[in-house]
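Please look at the sequence and the structure below before reading on. The paragraphs after them are meant to be read with the structure in view.

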Amino acid sequence: VDFANPVLMYAYNEHVKALAAVPGFKERVRYFSLGNEVNFFLSKPQNKSNIVLRQSYVQFVATMAPLVRKQLPRARIGVNWTLAGIQNDADDFALWSQMNQHCDVLMVNYYADPKAVGPHKLKYHADFQFLRQLSTAFGLPKPVVLQEVGMPTSAYLGGSEDQQDLFMKFLLDQWDEAGVLIPFLSWFQLYDYLYDDTLKVALANDADPVSSPIVVSQSKYPKTVQFQNATIPFWGLGNALAQA
């Protein structure tokens with residue numbers, strides 16, 4: 001894929017125009033991401049050495065950011081990577097930094113490892129310290145937006161509702177301490193549903209397990225936040241800066 005292809009960028013811009021034409025859309029949208037977890041694609045072995053491909057995404061962001069701003073004037077523009085993708089590879093971090101020269105906010109997805117839960121939460125503290133440093137220590141003086149943040153409850157992954165509850169409380173404490181450095185986050189529910197026989201049939205028939213009307217979750221929701229049996233997985237939380 002050549003992300004700098006004018007035809008691709010024209011098509012993308014036309015889609016944004018269509019969104020902006022929806023009544024109330026451009027007035028309500030505060031954040032717009034030019035791609036989700038793009039490091040997973042750009043860092044595949046066959047793409048890692050493809051400098052032209054990787055730079056084409058930088059050009060895509062550089063070209064599209066001002067066009068999206070023009071159509072969605074209240075939105076802050078970013079490009080989303082995973083926290084691990086920024087932390088663990090110097091070349092990827094350099095590429096992410098290049099893209100963010102053209103952005104208003106630093107968009108990151110962070111899914112916590114349940115196995116890291118402990119009395120001192122050292123891994124989580126280190127991750128959030130890294131997040132807070134993104135806007136200063138790395139020469140990118142921009143707010144951080146946690147586009148997705150969460151923790152699985154699956155015992156298979158070492159999780160549980162209690163561990164998710166602990167992480168949620170830790171997350172809100174850290175968010176409070178971060179203040180204007182992290183103006184917005186979206187908590188991803190990540191509840192591992194107890195699949196009943198009806199749901200298994202639905203999945204076998206390729207039905208969407210979230211939107212299918214026959215799906216009824218047997219689960220209760222995480223203890224910290226009452227979701228009132230909603231099926232929407234994202235819960236956005238914004239401080240005063242996010243509402244500006």
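What follows leads from the strands to a loop residue, then to the salt bridges and the surface.

This is a predicted model, in which local features need pLDDT of at least 70 and side-chain atom pairs count only at pLDDT 80 or more, while totals for chains, interfaces and linings use all residues. Residues are numbered from 1 along each chain as its sequence is written, and side-chain values use heavy atoms, with hydrogens and water left out.

The loop between β2 (76-78) and β3 holds N80, which counts as buried because its relative accessible area is 0%. The side chain of N80 makes a polar contact with the side chain of N109 at 2.8 Å; a polar contact is a pair of N or O atoms within 3.5 Å, and within protein one must be able to donate a hydrogen and the other to accept it, while residues adjacent in sequence count only if both atoms are side-chain atoms. Not counting residues up to four places away in sequence, N80 touches several others, among them E37, V108 and Q147, where contact means heavy atoms within 4.5 Å. E37 itself lies in the loop between β1 (31-33) and α3 (38-42), and E37 is buried, at 17% relative accessibility.

How many salt bridges does a search of the whole structure find? The search finds seven, a salt bridge being a side-chain nitrogen of Lys or Arg within 4 Å of a carboxyl oxygen of Asp or Glu. One of these joins K48 to D89, with the closest N and O atoms 2.9 Å apart. K48 lies in helix α4 (residues 45-48) and D89 in the loop between α6 (83-87) and α7 (90-100), so the pair ties together parts that are 41 residues apart in sequence. R54 and D92 also meet in a salt bridge, at 2.9 Å from N to O, and this pair links R54 in helix α5 (residues 51-71) with D92 in helix α7, 38 residues apart. Both R54 and D92 are buried, whereas K48 is partly exposed at 25% relative accessibility. K48, R54, D89 and D92 are linked in a network of salt bridges.

A salt bridge can also lie within one helix: D127 and K123 meet at 3.2 Å, N to O, and both lie in helix α8 (residues 122-134), four residues apart, about one turn of the helix. D127 is buried, at 2% relative accessibility, while K123 is partly exposed, at 43%.

Finally, the segment before α1 (6-20) contains V1, which counts as exposed because its relative accessibility is 65%.

How values were computed:
Helices (H or I, at least four residues) and strands (E, at least two) are DSSP runs, numbered from the N terminus. Buried means under 20% relative accessible area, exposed over 50%, partly exposed in between (1.4 Å probe, protein chains only).
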